Amino acid sequence: MKLFSDSLPFFKANFHCHTLNSDGRLSPEECVNFYQSAGYRILAVTDHRTVTSPPPSDGMLFLPGIEIDYVLPGQWVHILGIGMEGSIGRQWDPSGTPQEGIDLICSLGGIAVLAHPAWSLNTPAFMRSLSGLSGVEIWNSVSTLPMNADRADSSSLLDVTWASGGQLLPVYANDDSHPYRTEAGVAATMVQAEELTVPAVMDALKQGHFYATTGPLIKQIEITNRREILVRCSPAEAVIFYSDAPWSAGRAVIESGMTECSYFIGKNDHFVRVEVRDAAGRKAWSSPVKV
Ligand SMILES: [Zn+2]
Ligand SMILES: [Zn+2]
């Protein structure tokens with residue numbers, strides 16, 4: 001089984017950024033120009049509680065976006081809505097529950113993505129209680145220094161959630177750009193779609209045809225019927241096969257400049273996700289796969 005097509009292109013995307021319409025520093029037009037010049041082809045502007053429609057731009061596909069938010073005891077909840085048809089802003093009830101927000105996004109044809117769970121202090125029990133999510137941010141660029149404490153990477157929290165029975169969700173890496181300083185242009189979600197159109201990209205997102213990265217490229221992940229996982233990637237220093245088993249033989253493959261490696265699924269692994277690290281310490285994350 002191959003996770004990706006060998007022939008379809010990947011498009012560089014950011015599904016989380018803010019403009020002057022909420023608490024971002026750039027206008028919608030400046031935001032689009034920034035991401036276009038940084039090589040992105042898909043953008044969702046996700047202002048807090050409002051949908052921003054950026055001006056048309058050659059070569060850039062826009063998906064409607066919003067970020068809705070809730071404060072619960074001991075944690076905050078931020079949820080991205082992407083690709084909705086219709087005006088979610090007027091229908092969303094800030095005094096409702098996160099599940100109602102997810103259900104509203106889905107009822108409008110959008111997908112709901114849980115944003116920055118480590119930053120929000122989301123608990124595994126809370127995340128297990130949600131249904132209808134299409135993904136979760138494993139990386140959120142603004143959630144680290146100098147803008148925030150160092151909680152950009154939610155991977156350990158997600159492993160705990162998944163190991164304790166949480167739904168395996170496809171993972172996103174998004175910038176969550178606000179000041180457009182060191183956080184902007186760091187992360188990308190690489191989407192493999194038939195073409196650069198809204199229906200094709202929404203279909204790819206619903207099917208999980210993407211991976212998350214702050215630099216390295218994942219070219220292919222294949223699971224053979226010998227229970228071996230083969231990875232092809234851009235030159236890496238380490239490839240790590242994380243699972244719900246605290247220990248597994250051979251899960252950390254370390255070799256300078258490798259572009260291929262493999263791992264035999266351990267008998268205690270019930271899901272596996274792949275993390276690729278390059279010489280600069282940047283990472284790429286696959287979504288978790290049930291094995
Ligand atoms: Zn947020
Ligand atoms: Zn945000």
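Tutor: Arg 227 lies in the loop between β11 and β12 (228–243). Helices (DSSP runs of H or I, at least four residues) and strands (runs of E, at least two) are numbered from the N terminus. This is a predicted model, in which local features need pLDDT of at least 70 and side-chain atom pairs count only at pLDDT 80 or more, while totals for chains, interfaces and linings use all residues. Residues are numbered from 1 along each chain as its sequence is written, and chains are lettered from A and ligands numbered from 1 in the order in which they are written.

Student: Why is Arg 227 called partly exposed?

Tutor: A residue is buried if 20 or more other C-beta atoms, placed from the backbone, lie within 10 Å of its own, exposed if 12 or fewer do, and partly exposed in between. Arg 227 has 13 other C-beta atoms within 10 Å and is therefore partly exposed. Its phi is positive, about 60 degrees, although Arg 227 is not a glycine.

Student: What is the phi of Arg 49, and why is Arg 49 counted as partly exposed?

Tutor: Arg 49, not a glycine, has a positive phi of about 65 degrees. With 14 other C-beta atoms within 10 Å, Arg 49 falls in the intermediate class and is therefore partly exposed. Arg 49 belongs to the loop between β2 and β3 (61–62).

Student: Why does Thr 214 count as buried?

Tutor: Thr 214 has 21 C-beta neighbours inside 10 Å; the cut-off is 20 or more, so Thr 214 is buried. This residue sits in the loop between β10 (210–213) and β11 (218–223).

Student: With which residues is Thr 214 in contact, leaving aside its neighbours within four places in sequence?

Tutor: Contact requires C-beta atoms, placed from the backbone, within 7 Å of each other. By that rule Thr 214 touches Trp 139, Ala 173, Val 186, Ala 187, Arg 282 and Lys 283. Val 186 is 28 residues away from Thr 214 in sequence, yet their C-alpha atoms are 5.6 Å apart.

Student: Why is β9 (188–192) described as largely enclosed by the rest of the structure?

Tutor: Four of its five residues are buried, so the description holds for β9.

Student: How do you know that β9 pairs with β1, and what is its pairing with β10?

Tutor: Strands pair if DSSP finds at least two bridges between them. β1 and β9 have four bridges, antiparallel, and β9 and β10 also have four, again antiparallel. Ala 13 has Thr 189 as its bridge partner in β9, and Met 190 has Tyr 211 in β10.

Student: What makes β4 (65–72) and β8 (171–174) edge strands?

Tutor: They belong to an open sheet of five strands with mixed pairing, in the order β4-β5-β6-β7-β8. Each of β4 and β8 pairs on one side only. Eight bridges link β4 to β5 (residues 75–82), running antiparallel, and Tyr 70 stands opposite Val 77 in β5.

Student: How do you know that the buried residues of α1 (28–37) are on the same side?

Tutor: Cys 31, Val 32 and Tyr 35 are the buried residues in question. The arc, taken from the directions from the helix axis to the C-beta atoms, is only 95 degrees, which puts them on the same side of α1. Their cover includes β1 (10–14) and β2 (42–43).

Student: Why does the radius of gyration of the protein chain agree with that of a compact globule?

Tutor: The radius is taken over C-alpha atoms, and the globule rule is 2.2 Å times the number of residues to the power 0.38. For 291 residues the rule gives a value near 19 Å; the chain has 18 Å, which agrees.

Conventions
Two residues are in contact if their C-beta atoms, placed from the backbone, lie within 7 Å.
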